[in-house]
Amino acid sequence: MSDIRFDDRVAIVTGAGGGLGRSHAMLLASRGAKVVVNDLGGSVDGSGAGSAAADKVVDEIKAAGGEAVANYDSVNSEDGAANIVKTALDAFGRVDIIVNNAGILRDVTFHKMSKEQWDSVLSVHLEGTMLVTRAAWPVMREAGYGRIVNTTSAAGLYGNFGQANYAAAKLGIVGLSRTLAHEGAKYNIRTNVISPVAKSRMTEGILPPPVLDQLKPEYVSALVAYLASEEFESTGQVYAVGAGYVSRVAVVEGKGARLEPADAAAPEAVRSHWEAVSDLSEAKPYKNAMEAAGATLES
Ligand code: NAI
C-alpha cells in the first residue's frame, strides 16, 4: 500500500498553534501539504490573543523541511475567516483541506451559565467552523475538490456535566457537517467529523497523568490525515479517536413500534408500546432526513 501523501495540496488547520491542531498541521506538512497555521493565540477560555503560538508551529514545520504560513485571525469573525482563506490563496494558490479544530471552553453548570458564556462557545466552535468553511466553499466547488475535517466531542455526542454550551456547539457541528456532506457530494467535497480524546491544555487537569500519557495528539492526527486524503471517499461520517482507538459513531434509530391509526393519538397507546419504542437491537443509521422521514411511513 502506498503512503498517504499531500504533495501539491494546501491545508488550513485552525487553532493550530498548540494541542491537536499543531499535531495535525505537523503531520500534514510532513506528508507534503502546504499548511496555513491559524491560531488566535488566546487562553483556553478564549481570552487574549497573540501571534507567538502560530509562529512557533510554522517555525517547527519549516525546521522539519515543510512549508507553512501563519495566520492569527479569529475563526468566528467573518472578515477573519475570509482572511484565513485569503492567506492560503495568496501564499499557495489553492485550498484543498480544512481542518476545523479551533476551540475554547467556558465550563459552568447550566443554572449558572450566562448568555455570554453560551454565545462565546457557540460562536468559536459552531460559527467558526461554518465561517471558515463557507469562505473556502466557493474555492472548493470551483476546483471540484475538498476534504473538510471538523471536530466534535464526546460531550456533544453524549452530553457532559457543566458543558451545555460546548455540547450544543459540538453537536451542531455534526449537523452542519452531515448537511455539507450532502451539498458537497457532487463537487467531490467530503466532510467528516472527529470526536477526539487527547492530551492538551484542555484536558490537562481533567484527566490523570497516567491516562494523559496514552492520549498522544499524534494518534488523533493519523485519522485526520486519512480523512483529509484524496483516497478517502466516505462523507458525513463521525469517528471517535484516541489512544490508538478509532471507531465510527452514528445516530441510529430503532425499529420502533407501529401503532394502529385508531390508537396512535392516545398517550396510553404510546405507553403500552414503550418496550418496542425503546428497543435499539435493530437500530440503524439513515443517510439523510428524507430517508429517516420515509421510514416513519413504512409498515
Ligand atoms: P487547545 O486549547 O490546545 O487548542 C485549541 C486551539 O484553538 C488553541 O491553540 C487556541 O488558541 C485556538 N483558538 C481558540 N479560539 C480561536 C479562535 N477564535 N480562532 C482561532 N484559533 C482559536 O485544545 P485541544 O485539546 O487541542 O482542542 C482542539 C479541538 O479538539 C477543539 O475543538 C476541542 O474542542 C476538541 N476536542 C478536544 C478534546 C481533547 O481531548 N483534547 C476532546 C474533544 C474535543
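Which residues does V37 touch, leaving aside those up to four places away in sequence? In this predicted model, the partners of V37 are V13, A16, G17, A25, A54, V57, V58, I61, A68, V69, A70 and N71.

V37 is among the residues with the most contacts inside the largest nonpolar core, together with L28, V35 and I194. This core has 30 residues. Two or more residues each come from strand 1 (10-13), helix 1 (19-30), strand 2 (34-38), helix 2 (52-63), strand 4 (97-100), helix 8 (217-227) and strand 7 (238-242). Helix 8 gives the most, with 5 residues. Another core, of 29 residues, lies apart from it and includes I12, A102, I104 and W137. In soluble globular proteins, nonpolar side chains tend to be buried together.

I turn now to the charged side chains. The count of salt bridges comes to 12. One of them joins K86 and D90, with the closest N and O atoms 2.7 Å apart. Because K86 and D90 are 4 residues apart in helix 3 (residues 78-92), about one helical turn separates them. K86 is partly exposed, at 46% relative accessible area, and D90 is exposed, at 54%.

A second pair has another setting. D96 and R94 meet in a salt bridge at 2.6 Å, N to O. D96 is buried, with 0% relative accessibility, whereas R94 is partly exposed at 33%.

Finally, K287 pairs with E291, the closest N and O atoms being 3.3 Å apart. K287 is exposed, at 59%, while E291 is partly exposed, at 31%. Through shared partners, salt bridges also join R9, R94, D96 and E230 into one network.

Notes:
Residues are numbered from 1 along each chain as its sequence is written. This is a predicted model: local features need pLDDT of at least 70, side-chain atom pairs count only at pLDDT 80 or more; totals for chains, interfaces and linings use all residues. Side-chain values use heavy atoms; hydrogens and water are left out. A nonpolar core is a set of buried Ala, Val, Leu, Ile, Met, Phe, Trp, Tyr and Cys residues joined through side-chain atoms within 4.5 Å. Buried means under 20% relative accessible area, exposed over 50%, partly exposed in between (1.4 Å probe, protein chains only). Contact means heavy atoms within 4.5 Å. A salt bridge is a side-chain nitrogen of Lys or Arg within 4 Å of a carboxyl oxygen of Asp or Glu.
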